[in-house]
Amino acid sequence: MIRYQISSANPVNHYFDVSIHIPRPDPDGQRLRLPNWIPGSYMIRDFARNILDLEVRSVEGELSLQQLDKSNWQVEASTQPIDVSYRVYAKDLSVRSAHLDGSHGYFNGTSVFLEVLGLSDQPCEVLIERPPVALAESWKLATSLPRKQADPYAFGLFEAADYDELIDHPVEMGNFERVGFEACGVPHDVILTGRFACDLERLAADLKTICEHHIRFFGEPAPMDYYQFQVMVVGDGYGGLEHRASTSLVCSRDSLPQVGQDQITDDYRDFLGLCSHEYFHTWNVKRIKPQVYQPYDLQQEVYTPLLWAFEGITSYYDDLALVRCGLIDQAAYFELLAQTITRVARGKGRTRQSAAESSFNTWTKFYKQDENAANAIVSYYAKGSLIAACIDLRMRAESEGEASLDDVMRALWQQYQATAPGVKDEDIQQLVNLYSGADLRFELEAWINGTSELPLEELLAGSGVTLNWRAAQNQSDKGGKAIDGKLPAVDFGAFVKMSGNGLEIQRVTEDGAAQLAGLAAGDALVAINGLKIDQARLEKRLALAAAGEVWTVHAFRRDELIECQVTLQAAAPTTAFLTPTEAASEQRNSWLGSL
Ligand code: ZN
């Protein structure tokens with residue numbers, strides 16, 4: 001059996017030391033390779049650039065090694081067992097790669113474990129050893145990787161059924177906090193790394209509620225016999241990556257619940273939404289997955305138009321589950337849904353790119369957004385979750401409450417359990433037709449592959465909810481709330497932020513006031529009508545201005561002073577908020593309350 005071994009002679013240098021013992025290498029010369037991307041994060045990351053000191057030996061001595069490309073190597077032919085050794089530089093504090101310092105270690109297998117070609121479908125062992133230095137003496141270890149000879153939360157010997165499993169269980173080591181709970185009989189752990197204060201019991205109770213909702217949604221038993229939430233707590237951060245029996249998360253310490261605090265703060269609600277999202281992926285994308293991901297080709301981009309479904313439907317259910325299981329009330333859910341509607345409505349990109357195109361081009365567009373992104377692309381997360389809402393509400397209306405998107409998701413799960421066929425491009429549309437009992441193909445085609453507006457207003461009205469529009473209060477207004485009082489009548493057409501450069505334009509709206517006047521991202525605003533400007537003064541002036549008013553704006557572009565005449569435009573009503581209606585309250589409650 002192949003045995004991987006990983007440790008670190010000195011974590012403060014950020015190097016993991018890795019070795020692989022291969023008892024029976026390919027007699028024609030063993031090929032080795034490292035993934036170029038990690039499932040769930042659709043960008044080529046070239047993890048192999050962090051490999052150093054790669055060597056291969058047998059009992060006869062060092063073997064020669066030929067590098068074939070950025071992530072592939074060919075070892076000289078050997079009839080003897082071989083030992084591969086190398087170091088991995090680990091200083092990326094994200095959920096996608098590896099990080100190691102004097103406070104903790106974290107890695108994804110995609111960053112540290114070379115694949116032994118020809119033996120990828122064979123079981124393997126992994127010995128994870130405590131770094132032999134004083135600072136790591138109290139370190140524990142957390143992973144969902146199956147244990148072979150290791151106590152719970154201890155270093156030791158682990159095993160994986162194949163390479164695909166080996167790289168799907170991230171590992172955390174350090175002095176983390178832990179709280180456990182059971183959901184539908186399955187043990188779960190929350191592992192928290194970093195400096196923070198948290199009401200761990202409350203966090204565990206709330207996560208248990210969410211996990212049990214998702215397990216019962218798809219139907220017991222759960223597809224895993226253990227699950228781990230790995231949370232890196234930092235000053236300011238947000239993100240997650242899904243795995244088959246765990247998720248890695250980054251959150252801000254302010255988003256954790258405090259002892260004695262009963263309310264759900266907006267930040268804690270967002271964190272629970274993130275946990276709900278990643279946990280829903282345990283079914284949707286980790287098991288139910290696009291056919292083209294079976295298996296993953298981790299050497300190059302794999303294209304699918306379906307991320308609107310795998311990320312969008314997951315995004316729809318992440319918040320919906322919070323209201324369905326009673327963690328938030330309907331008003332709080334409407335706020336979250338209206339924020340998503342606002343996010344899509346504000347970007348001109350929605351008129352240029354469909355959700356399917358956004359999915360397909362994720363590698364070069366969604367994951368490589370620049371200052372023009374809002375004008376050029378639409379998010380398959382946000383638009384996808386609105387498409388999911390439209391499908392759900394349309395199915396409910398068509399079937400008089402008998403069928404919904406829930407049925408489609410359960411059917412996909414049953415298909416997976418039967419034969420794991422992989423989801424083809426048209427499968428979801430066909431299931432929607434089957435369960436709703438109507439031919440919705442043309443509508444779905446327009447929503448998924450088109451750029452016209454979604455019929456949210458009409459569908460929400462039928463479910464007892466009014467979709468209202470207003471102007472933005474200021475540039476930090478994310479939408480979702482009704483505003484008492486006067487709103488600005490004008491729009492400057494630029495998003496600004498204080499930077500080392502001054503009040504810098506981060507992005508401009510296409511055909512907005514700033515762009516039409518010749519201003520661009522990167523310009524640092526200096527004065528308006530001859531008076532010095534900062535963010536607070538700009539907002540104050542905008543609150544009092546009238547459409548058509550012309551401002552003389554001075555700005556620095558690079559180190560050159562420029563002057564522009566900006567004609568303020570009327571503020572567009574692209575900020576959404578939702579209110580319940582008297583009518584159709586039964587439909588609304590069945591949508592938001594039912595499993
Ligand atoms: Zn996701």
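This is a predicted model: local features need pLDDT of at least 70, side-chain atom pairs count only at pLDDT 80 or more; totals for chains, interfaces and linings use all residues.
By contact I mean heavy atoms within 4.5 Å of each other.

**Entry 1: two helices**

I started with helix H5 (residues 307-324) and helix H16 (residues 585-593). On the H5 side I found Tyr-316, Leu-320, Val-323 and Arg-324, and they meet Trp-591, Leu-592 and Gly-593 in H16. By class, I get 5 nonpolar, 1 polar and 1 charged residues for this contact. Next I looked at the axes: they come within 8 Å and cross at roughly 105°. Angles of 65 to 115 degrees count as roughly perpendicular, so I put H5 and H16 down as roughly perpendicular to each other.

**Entry 2: Arg-394**

I went on to helix H9 (residues 382-398), where Arg-394 lies. Its relative accessible area is 18%, and buried means under 20%, so I count Arg-394 as buried. Setting aside neighbours within four places in sequence, I see Arg-394 in contact with Leu-440, Glu-443, Trp-447 and Leu-459.

**Entry 3: Asp-101**

I found Asp-101 in the loop between strand E9 (98-100) and strand E10 (104-107). Its side chain has a polar contact of 2.7 Å with the side chain of Ser-103. Not counting residues up to four places away in sequence, Asp-101 touches Pro-11, Val-12, His-14 and Trp-139. I also checked Tyr-15: it is 86 residues from Asp-101 in sequence, yet 8.6 Å away in space, C-alpha to C-alpha.

**Entry 4: backbone notes**

Where did I find cis peptide bonds? One joins Glu-220 and Pro-221, with omega about 0°. Pro-221 sits in the loop between helix H3 (200-218) and strand E19 (227-234). The bond from Gln-294 to Pro-295 is cis too, with omega near -10°, and Pro-295 is in the loop between H4 and H5.

Then I looked at phi. Asp-53, in strand E4 (residues 51-58), has a positive phi near 55°. For Asp-511, phi is near 65°, again positive in a residue other than glycine. Asp-511 lies in the loop between strand E25 (502-508) and helix H14 (513-516), and I noted it as partly exposed, with a relative accessible area of 43%.

Terms used:
Residues are numbered from 1 along each chain as its sequence is written. Side-chain values use heavy atoms; hydrogens and water are left out. Helices (H or I, at least four residues) and strands (E, at least two) are DSSP runs, numbered from the N terminus. Buried means under 20% relative accessible area, exposed over 50%, partly exposed in between (1.4 Å probe, protein chains only). A polar contact is a pair of N or O atoms within 3.5 Å; within protein, one must be able to donate a hydrogen and the other to accept it, and residues adjacent in sequence count only if both atoms are side-chain atoms. Axes are lines fitted to C-alpha atoms, for helices over the stretch in contact, and angles run from 0 to 180 degrees between N-to-C directions. Angles under 35 degrees count as roughly parallel, over 145 as roughly antiparallel, 65 to 115 as roughly perpendicular and the rest as oblique. Ala, Val, Leu, Ile, Met, Phe, Trp, Tyr, Cys and Pro count as nonpolar, Asp, Glu, Lys and Arg as charged, and the others, Gly among them, as polar.
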